[in-house]
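Student: I'd like to get to know this model one question at a time. Shall we start with the ligand?

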Amino acid sequence: METKKLHVDKDVDNSENYAQAVDLLNKSEVVAFPTETVYGLGAVATDEEAVKKIFAAKGRPSDNPLIVHIGTIEELSYYTYDIPEVAKICMEHFWPGPLTIVMKAKADVLAPSVSAGLQTVGIRMPDHPVALKLLQQLKKPLAAPSANRSGKPSPTKASHVYEDLAGIIPCILDGGITGIGVESTVLDVTLDVPIILRPGGVTKEMLEQVIGPVLEPNFEQQQIESTPKAPGMKYTHYAPDAPVFLIEPNEETVQQAVTHLKLQGHRVALLAPQNFNEITVDYYFTFGNANEIEQMSAALYDALRACDKTDATVILATSTTREGVGTAIMNRLEKAAGGNWFQLQKQ
Ligand code: TXA
Ligand code: MG
């Protein structure tokens, strides 16, 4: 299958490109499109045949539910019921935006694979002109996970989608680089206290300011069986091919680790802020200025993907602050590293 890349930048008339995407979606096909977080792989959320194609294209396990994207708040009541007050407040404050709200799903409305057997559905209204225009023209909800092959870092550029899915999907709407760079916050409001199942652009602090206490399990707590989880979080994620180890962002510690690994015959890739450019290492990818956490989140997945293009046998990634979107960055890095930190004695 040929994969068309259709440009939808702001400066030209793109109506023909949107029309092609809408036409494909109405024919039960999948289309990749940009959102403010990462690129999504969309299919009409009420069309089971189309939704199944998402799982096939990504190689996604069928027990991992999809996020439904909507263009207006009004349509929410078609798909959910018993919408709690905290959810309404969150929508008012953070939609459109990088917040997915898990609510009770109405039976027999959405394609069964969307919820993957759960009684709930995660819904969000994306804050991106291309995603919103697509939804408005389609006038239907779009089920859309990140547009990467399962297990790989999410795509923040159309070229990332192309790398993973060329020949497998018919169309990518190319709207340039996505702004936030990590996936939306997933908030489950069906429990007594709302719980963050996946940290993202809307932080715990931002949520607590408007709805009061919110739970946010850390990496260790997430490993405990009884902690509520997004089904997708149990799978290997965001992982380049070579093993990743986290390390403190200290130049001396990092240089020592690199030297040690190289003595063992490793080719080392380093993922670190831009002030680590003096380290002697085989490959160095920066995710920006350590003091600008938004810049780092926007560049993270591109840097992780760049590691994959090298022949590095091990990747060192420096830890970041856990302030603001730093929580989401550290969550992704901890997953990529499987929770492993570099220790001089062990490696
Ligand atoms: O920013 C984003 O959220 C991007 C863009 C495209 O919108 N989408 C995205 O989708 O990251 P995906 O499928 O890669 O991640 C969705 C996560 C998975 O971990 C999934 O298990 C969880 O949300 N999820 C979806 N529906 C859920 C539900 N009903 N209950 C609990 N977790 C759910
Ligand atoms: Mg994903």
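Student: Which element gives the largest share of the shell around ligand 1?
Tutor: This is a predicted model, where local features need pLDDT of at least 70, side-chain atom pairs count only at pLDDT 80 or more, and totals for chains, interfaces and linings use all residues. Residues are numbered from 1 along each chain as its sequence is written, chains are lettered from A and ligands numbered from 1 in written order, and side-chain values use heavy atoms, with hydrogens and water left out. Elements are DSSP runs numbered from the N terminus: helices (H or I, at least four residues) and strands (E, at least two). The largest share of the shell, 4 residues, comes from E7.

Student: Which residues come nearest to ligand 1?
Tutor: A residue is near if one of its heavy atoms lies within 4 Å. The shell divides into 14 nonpolar (Ala, Val, Leu, Ile, Met, Phe, Trp, Tyr, Cys, Pro), 4 charged (Asp, Glu, Lys, Arg) and 9 polar residues (the others, Gly among them). Of the 27 residues around the ligand, the nearest are Thr 37, Asn 64, His 69, Ser 184 and Gly 232.

Student: Which pocket does ligand 1 sit in?
Tutor: On a 1 Å grid over the protein atoms alone, a pocket is an open set of points where a 1.4 Å probe fits, with protein on both sides within 12 Å along at least five of seven lines; lining residues have an atom within 4 Å of a point. A molecule sits in a pocket if more than half of its atoms lie within 2 Å of its grid points. By that test, ligand 1 sits in the largest pocket.

Student: What is the volume of the largest pocket?
Tutor: Its lining has 48 residues, with Arg 60, Asn 64, Pro 65, Ile 67 and Arg 198 nearest the centre. By class, 21 are nonpolar, 19 polar and 8 charged. Counting the space filled by probe spheres set on the points, the volume is about 750 Å³.

Student: Which residues are closest to the centre of the second largest pocket?
Tutor: This pocket holds about 270 Å³ of space. Of its 20 lining residues, the closest to the centre are Gln 222, Gln 223, Met 233, Lys 234 and Lys 335.

Student: What is the omega of the peptide bond from Trp 95 to Pro 96?
Tutor: Most peptide bonds are trans. Pro 96 is in the loop between helix H4 (85–94) and E6. The bond from Trp 95 to Pro 96 is cis, with omega near -10°.

Student: What is the phi of Ser 28?
Tutor: Ser 28 lies in the loop between helix H1 (15–26) and strand E2 (31–34). Although not a glycine, Ser 28 has a positive phi, about 65°.
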